[in-house]
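Here is a briefing on one protein chain. Look over the sequence and the model before reading on.

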Amino acid sequence: MRRYKILHRTYYNFSVPVRLEQHALRLRPREGHELHIESSTLKITPHASLRWHRDVEDNSVAIAIFESTTSQLLIESEVVIQQFNEAPFDFLVAEYATEYPFAYLAEDKIVLAPYMMEASPLLPDNALAEWVAKLWQPGERIQTYALLQRLGTHIQQTLSYKLREEAGVQSPAETLSCGTGSCRDFAYLFIESARRLGLAARFVSGYLHTQPATADFGATHAWAEVFLPGAGWKGFDPTLGEIVGTKHIAVAVARLPQLVPPVAGSFRGPPGAKLDVGVWVTEL
């Protein structure tokens, strides 16, 4: 078991006092048999009343409601977790799904259908189709896990990582065309490729623990999960080209990347705001 402290600070500075509308905060890690939350605090300035709920994906969401005007919004989340996913390769895939291609069981497919649906099913992405065809040809028998590893490794080795501060996610075609992308772009490319192969995949937003450096203390991060019968949802990180393990801390999952921003909200006032975000992930 490993313990991590995650400090996530978000600052919004406005040119004049504004009235804040309610904000949705997805900052609390997903708990389960692999991750336990030891302590959690959420500080917000100006004062906000909080209402917690679980969304349709069972993510923990805090709704912040404000009463006063302000020229600055500070949201600070500090969480200490216990991470037990120290043997990510210790899993067994159901016999019928060990080799690809395979078909999900009918009862599972009903639940998994939204995660198998490509973003634009009526507008086939020829660039993506051609790219996936180079990874697997009909008639080839391969271990399902090995195929997914091949996909993640290929993204990591053939595309260049680029930190993108702007909002939004590139389409798979855009990422393939420019040859660069952020972690969320690579995760989305992995997801759409897996879906084109007939596999159920979803987007994961969370944190990554990295080795301490002068300018890098950890980061928000994104990766993909694929449902493997017998093993459940298994994480693959195409940015690093590896399976998700102890240093990955999931916060929220969704069918599409844009559905789970860490902080989402609006304000009433003149347009324009300066955003500063700091994330520190420390092993205890």
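Predicted model: local features only at pLDDT ≥ 70, side-chain atom pairs only at ≥ 80, totals over all residues.

Residues are numbered from 1 along each chain as its sequence is written, and side-chain values use heavy atoms, with hydrogens and water left out.

**Overall fold**

- The chain has 5 helices and 18 strands. Helices (H or I, at least four residues) and strands (E, at least two) are DSSP runs, numbered from the N terminus.
- Along the principal axes, the C-alpha atoms fill a box of roughly 65 × 40 × 40 Å.

- Five strands form an open sheet in the order β14-β13-β12-β11-β15, with antiparallel pairing. Its edge strands, β14 (242-243) and β15, each pair on one side only. Two strands pair if DSSP finds at least two bridges between them.
- β11 and β12 are joined in the antiparallel sense over 8 bridges. Phe 203 has Ala 224 of β12 as its bridge partner.
- α5 lies across β11, β12 and β13, and runs at about 10° to β12. Contact means heavy atoms within 4.5 Å. Axes are lines fitted to C-alpha atoms, for helices over the stretch in contact, and angles run from 0 to 180 degrees between N-to-C directions.

**Largest pocket**

- Its volume is about 1400 Å³. On a 1 Å grid over the protein atoms alone, where a 1.4 Å probe is used, a pocket is an open set of points with protein on both sides within 12 Å along at least five of seven lines; lining residues have an atom within 4 Å of a point. Grid points are joined across faces, edges and corners, and a volume is the space filled by probe spheres set on the points.
- The largest pocket is lined by 37 residues, and Arg 164, Glu 165, Arg 184, Thr 220 and Pro 262 lie nearest its centre.
- Two or more lining residues come from each of β1 (2-20), α5 (183-196), β11 (201-208), β12 (219-228) and β18 (274-283). β18 gives the largest share, 5 residues.
- The lining divides into 19 nonpolar, 12 polar and 6 charged residues. Ala, Val, Leu, Ile, Met, Phe, Trp, Tyr, Cys and Pro count as nonpolar, Asp, Glu, Lys and Arg as charged, and the others, Gly among them, as polar.

**Second largest pocket**

- This pocket holds about 720 Å³ of space.
- Its lining has 30 residues, with His 33, Glu 34, Asn 85, Glu 225 and Trp 233 nearest the centre.
- β12, β13 (232-237) and β15 (248-254) each supply at least two of the lining residues. The largest share, 4 residues, is from β15.
- By class, the lining has 13 nonpolar, 7 polar and 10 charged residues.

**Backbone details**

- Most residues other than glycine have a negative phi, and most peptide bonds are trans.
- The bond from Thr 45 to Pro 46 is cis, with omega near 5°. Pro 46 sits in the loop between β3 (35-45) and β4 (48-54).
- The bond from Tyr 100 to Pro 101 is cis, with omega near 5°. Pro 101 sits in the loop between β7 (99-100) and α1 (106-116).
- Asp 58 is not a glycine, yet has a positive phi of about 70°. Asp 58 is in the loop between β4 and β5 (60-66).
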